[in-house]
Amino acid sequence: MLQTRVDSGLDGVIVADTVMSEVDGEEGRLVVRGHNLQELVSSRGFEGVAALLWEGYAEGGGDEAAVRKGMADARVRAFADVPKLLAATAGLTPVEGLRVGLGMLPDSERLPHQYLVCGALPVFLAALLNARKKLSPIAPDPSLTTAQDLLRMIRGQRAGEVFEKGLDAYLATVADHGFNASTFTARVVASTHAGLISAVLAALCALKGPLHGGAPGPVLDMLDDIGEASRAEAWFDDAFAKGTTLMGFGHRIYKVRDPRADVLKNTVATLPSTAGRLAYAVEVERGAIAALRRHKPGRRLDTNVEYYTALLLEALDVPREAFTALFAVGRAAGWCAHVFEQEKGGRIIRPQSNYVGPRPS
Ligand code: ACO
């Protein structure tokens with residue numbers, strides 16, 4: 001049998017064909033089922049992107065209205081589980097709480113599992129955030145979109161249209177992104193025929209890490225710590241002297257700027273009272289890139305999605321400890337799509353390792 005040794009991070013290894021999305025790291029381009037990201041986000045909401053991703057694979061695929069209804073009905077179904085969720089998650093962070101919540105969903109549920117998951121995540125997240133503020137959970141409103149309803153459940157009342165559109169653009173932007181660590185995890189679990197809920201739960205666990213979906217909270221911590229743009233250069237030089245990784249920068253595939261960063265940056269600019277914060281963030285970003293060029297010459301490191309995710313979610317008044325959990329609400333659409341694709345045509349994913357330990361004498 002042909003044996004090939006690969007980089008420990010599977011750098012450059014192609015492990016499957018997919019119709020879902022293409023990440024072009026040299027051109028800085030993301031294509032989702034034939035659509036450029038920028039065009040997709042300006043023409044479809046989150047449910048529209050989910051419908052596109054699921055087209056040809058699952059009930060509701062290709063039909064935005066059906067997906068919207070499926071997710072809305074599932075939010076109502078999920079609300080019944082909220083007391084059980086809250087009883088089991090005291091003291092946990094929001095993403096840890098979602099981990100428990102997904103774990104509670106039964107494989108035997110008759111509702112299509114993509115709806116079950118995509119309905120539960122926003123309802124559970126809002127309830128977990130309200131519980132942290134000692135507030136009662138707010139029931140979902142199935143007449144709304146996921147973004148509208150999630151913001152309403154978090155804030156206690158409808159947010160203005162510009163905020164709802166901002167969150168919708170975020171969820172659509174992060175819905176799918178090639179074979180990132182969490183999506184690959186979902187596909188490994190799906191390849192064993194463990195089912196969609198188990199695959200999505202595993203993906204959430206992979207997303208949680210600071211090298212993947214856990215970066216935007218620390219981006220805000222960094223912006224707070226730098227304090228003013230004039231301090232950025234010294235702050236970054238000190239950070240590199242200590243070996244600190246700059247959150248929101250660098251990417252395995254993108255060797256140029258992540259195209260999602262600009263979509264989200266433009267979305268921040270549509271929100272009221274963000275001009276000052278945005279101008280500061282742009283200055284700090286410039287300083288970070290210059291520092292990366294100075295301290296890591298030749299590595300081609302640039303801004304990734306998480307930098308402006310942090311700015312956008314802050315402007316939407318989402319608490320920073322909820323950023324990773326909110327990322328999961330959007331990315332769940334892509335995880336489900338990849339599970340369908342894996343289940344339809346894939347074999348069990350089972351690579352080999354090279355044993356380097358001692359041998360019996
Ligand atoms: N800050 C400082 N140095 C960096 C950064 C960074 N953000 N990213 C990469 N480097 C350096 C590494 O130290 C390494 O330097 P070396 O050659 O001197 O050892 C070189 O660039 C290559 O980096 P790797 O870690 O090998 O790159 P890899 O592809 O394995 O990692 C990753 C990619 C994890 C995203 C990395 O760039 C990183 O940790 N970034 C910060 C965390 C972050 O923002 N994550 C979100 C990514 S987007 C997403 O997942 C949704």
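Is glutamine 114 buried or exposed? Hold that thought for a moment, everyone, while I set the ground rules. This is a predicted model, where local features need pLDDT of at least 70 and side-chain atom pairs count only at pLDDT 80 or more, while totals for chains, interfaces and linings use all residues. Residues are numbered from 1 along each chain as its sequence is written, and side-chain values use heavy atoms, with hydrogens and water left out.

Back to the opening question. Glutamine 114 is buried, with a relative accessible area of 5%. For the cut-offs, buried is under 20% relative accessible area, exposed is over 50%, and partly exposed is in between, with a 1.4 Å probe and protein chains only. You will find glutamine 114 in helix α6, residues 113–132. Helices here are DSSP runs of H or I with at least four residues, numbered from the N terminus. The glutamine 114 side chain also reaches the backbone oxygen of glutamate 59, at 3.2 Å.

Now, on to the charges. Side chains of opposite charge can pair when their charged atoms come close. We count a salt bridge when a side-chain nitrogen of Lys or Arg is within 4 Å of a carboxyl oxygen of Asp or Glu. Searching the whole structure this way turns up 22 salt bridges.

Let me show you three of them. In the pair of glutamate 164 and arginine 158, the closest N and O atoms are 2.6 Å apart. Glutamate 164 is buried at 5% relative accessibility, whereas arginine 158 is partly exposed at 45%.

Next come aspartate 221 and arginine 320, whose closest N and O atoms are 2.8 Å apart. That pair links distant parts of the chain, 99 residues apart: aspartate 221 is in helix α11 (residues 216–226), and arginine 320 is in the loop between α15 (305–315) and α16 (323–345). Aspartate 221 is partly exposed, with a relative accessible area of 42%, and arginine 320 is partly exposed at 30%. Both belong to a network of salt bridges that links Asp221, Asp224, Arg277, Glu314 and Arg320.

Aspartate 262 is partly exposed at 30% relative accessibility, and so is arginine 257, at 22%.

While we are at α11, take a look at glycine 227, in the loop between α11 and α12 (232–241). Glycine 227 is partly exposed, at 47% relative accessibility. From glycine 227 to valine 284 is 57 residues in sequence, and 9.7 Å in space, C-alpha to C-alpha.

Finally, the ligand. Which residues are closest to the ligand? They are His212, Leu246, Phe249, Arg252 and Arg299, out of 21 residues that surround the ligand. For polar atoms, a backbone atom of leucine 246 is 2.7 Å from a nitrogen atom of the ligand.

Thanks, everyone. I'm happy to go back to any of these on the screen.

Key: Helices (H or I, at least four residues) and strands (E, at least two) are DSSP runs, numbered from the N terminus. A residue is near a molecule or strand if one of its heavy atoms lies within 4 Å of it. A polar contact is a pair of N or O atoms within 3.5 Å; within protein, one must be able to donate a hydrogen and the other to accept it, and residues adjacent in sequence count only if both atoms are side-chain atoms.
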